Amino acid sequence: MKRYVKWVAVAVAALVVVIVAAFVALPLLVDTPRVQALIASNASHALGRPVKFAGVSVVVFPLPSVELRGLEVAEDPKFGTEPFLKLETGRLRLRLLPLLTGRVEFGELVLKKPQITLVQSADGHWNVASLGATRDSGTASRPPGSEGRGGVTAGGAGLVSKVTIDHGVVVYVTQGGGGSKYRVEDLDLTLTGSPSAVGFKGGARVMPGDLAVKITDGTVALGGARTYFDAPVRGRVAVETKSLGTLAATAMGSSPALGGSMKGALTLAGTVGKPNASGDIQLSDFAVTQMQPHCPDPKQRTLAFAPVKLNATYEETRFGARPLTTGIGGGTITTNVVATLDRGLHVALNDLGIKSLPLEKVLVDYLCQGYAVSGPLELTGALTMRAADIWHTLSGPGQLRIGPGKIVGPQALALLGGVTKLGGAVSSLASADLPPSLFESPVDFESITGTYQATNGVITTRDLLYTSRVMKVAVAGAYTLASGAMDLDMIVSYQRGAVKAKVTGTAASPSIRVDPVSVLKDVDPAKVERGLQDLLKRFK
């Protein structure tokens, strides 16, 4: 037993001596000029770009490695002269077992804090599209004489088995434009595989907005692809942020402000150059906040939504959600969303359906509209808009029903009161059917129904109908969202007659012209209009 222990001790000691000797002799084993030429040649061949570094040195601890200093990967000349990738130091680790036998084989390449610049030209082309353009599907070639002392064995073929990016930064630049507002930081990425396929996993953060991105089960199939840009890609992506407002403000501006958090799980597909993703995303505590100058204090109003759930797809600059579901105050909203990010954010809401949505929360509590009504809203239709200018670009058809509810907006009450009271000339007729106090407080109605067409922020209708116990109001015409300009024909029908009126001006200051023939043939139209304008002043 003692002899066995002795032999084991001798063997261990011998192994230690061999390892120490190998480490001591490491600078002699590695022919740094030849290794430098080998690395640069293979990397240049694989990427289709010149690769250079300022120098090479051999380090022993913590693991035997070749340290690369001043590493740069050249840019495509069409996109400028600044490097596509640069970093101060990188480490090319050496495999231990071959090293003990006097052979040098490369293992993992670690790039610490590299800065990668992605450039998109004015015509939409990317600088990464030409990466690997000169590569073939076989093994990268080696310069003559790379075998032998200080060279790489055929098994190594001058290729690394693993590439690790540690805390990288990706900067986006748009030629002919203002550049991207986003930046990828803390990029940790591991790539493993062979010349025909590469696996990858890792994570990063998109700033501003602190959007955490985690990638797993990623693969890039290189076999048969003309360039890396054309290679098929697969993987799983998880995204999460607790700062949705910051993320959205960068793309859409600061007003309205969006709040809440986002979490999603997506499947990655497509190619490296044109990836696409699909999966489920949920927004929690989602809310829209905006200053409303015409509201009483507080001027800043917030509209809260139920959790927003969507089955999302993304391809190039096109985002889709089929469907998106949410709600406000117990009411539900469903729609299919298509958003394009090219030259601003354009949004289309198709198959829009709203059920039992309490309008008071939107029109009164959030927008403080002078023409507000309360009651549940039922709506079907479609909308398109440009996020940067919603009120001038909102377009689409729709059909709605509101009620039962109340007219609560003071301007709406004034308008109806003015049309129906017609001044002193018809006061007896109006008072017989409609009590003078009717328009001084919220008015109950049974329903408001109709169809509409919005075109660049102008809403037109031909059949809007207000129905209550004592009267009906039919409305046809146009209303401009941004300015409040109105061009409406109204017919107010009640027990003893009807009043026809033309409403122009703005929502804040309407002008009403009444057709006296619709009430009393012997009434002076000018007198009716003067009396009506006097009445309207009392309701403002």
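Q: Where is aspartate 217 found?
A: Aspartate 217 is found in strand 10, which covers residues 211-221. Helices (H or I, at least four residues) and strands (E, at least two) are DSSP runs, numbered from the N terminus. Keep in mind that this is a predicted model: local features need pLDDT of at least 70, side-chain atom pairs count only at pLDDT 80 or more, and totals for chains, interfaces and linings use all residues. Residues are numbered from 1 along each chain as its sequence is written, and side-chain values use heavy atoms, with hydrogens and water left out.

Q: Why does aspartate 217 count as exposed?
A: Check its number against the cut-offs: buried means under 20% relative accessible area, exposed over 50%, and partly exposed in between (1.4 Å probe, protein chains only). Aspartate 217 has 56% relative accessibility, so it counts as exposed. Its phi is near 55 degrees, a positive value in a residue other than glycine.

Q: What makes aspartate 351 exposed?
A: Aspartate 351 has a relative accessible area of 55%, so it is exposed. You'll find aspartate 351 in strand 18 (residues 346-358). Its phi is positive too, about 50 degrees, although it is not a glycine.

Q: Why is the pair of phenylalanine 286 and phenylalanine 305 called tilted?
A: Rings of Phe, Tyr and Trp (its six-membered ring) pair if their centres lie within 6.5 Å; planes under 30 degrees apart count as stacked, over 60 as edge-to-face and the rest as tilted. Here the centres of phenylalanine 286 and phenylalanine 305 are 5.3 Å apart and the planes are at 50 degrees, so the pair is tilted. Phenylalanine 286 is in strand 13 (residues 275-291), while phenylalanine 305 is in the loop between strand 14 (300-304) and strand 15 (308-315), 19 residues apart. Phenylalanine 286 has 13% relative accessibility, so it counts as buried.

Q: How do you know that phenylalanine 445 and tyrosine 466 form an aromatic pair?
A: Look at the ring centres of phenylalanine 445 and tyrosine 466: they are 5.6 Å apart, and with 50 degrees between the planes this aromatic pair is tilted as well. Phenylalanine 445 belongs to strand 22 (residues 443-445) and tyrosine 466 to strand 24 (residues 458-467), so the pair ties together parts 21 residues apart in sequence. Phenylalanine 445 and tyrosine 466 are both buried. The structure holds two aromatic pairs.

Q: How do you know that cysteine 295 and cysteine 368 form a disulfide?
A: A disulfide is a pair of cysteine sulfur atoms within 2.5 Å. The sulfur atoms of cysteine 295 and cysteine 368 are 1.9 Å apart, and they form a disulfide. The structure holds one disulfide.

Q: What makes the disulfide of cysteine 295 and cysteine 368 right-handed?
A: It's the torsion about the S-S bond: for cysteine 295 and cysteine 368 it is about 110 degrees, so the disulfide is right-handed. Cysteine 295 sits in the loop between strand 13 and strand 14, cysteine 368 in the loop between helix 6 (359-366) and strand 19 (376-386), and the two are 73 residues apart.

Q: Why does cysteine 295 count as buried?
A: Cysteine 295 has 1% relative accessibility, so it counts as buried. Cysteine 368, at 17% relative accessibility, counts as buried too.

Q: Why does glutamate 75 count as buried?
A: Its relative accessibility is 9%, so glutamate 75 counts as buried. Glutamate 75 lies in the loop between strand 3 (65-73) and strand 4 (85-94).

Q: What makes a polar contact with the side chain of glutamate 75?
A: The side chain of asparagine 127 does, at 3.0 Å. A polar contact is a pair of N or O atoms within 3.5 Å; within protein, one must be able to donate a hydrogen and the other to accept it, and residues adjacent in sequence count only if both atoms are side-chain atoms.

Q: How do you know that arginine 49 lies over the face of phenylalanine 84?
A: The rule is that NZ of Lys or CZ of Arg must be within 6 Å of the ring centre and within 35 degrees of the ring normal. Arginine 49 is 5.5 Å from the ring centre of phenylalanine 84 and lies over its face.

Q: How many bridges join strand 25 to strand 26?
A: Eight bridges join strand 25 (residues 472-480) to strand 26, and the two run antiparallel. Two strands pair if DSSP finds at least two bridges between them. One of the partners of this pairing is valine 473, bridged to valine 492 in strand 26.
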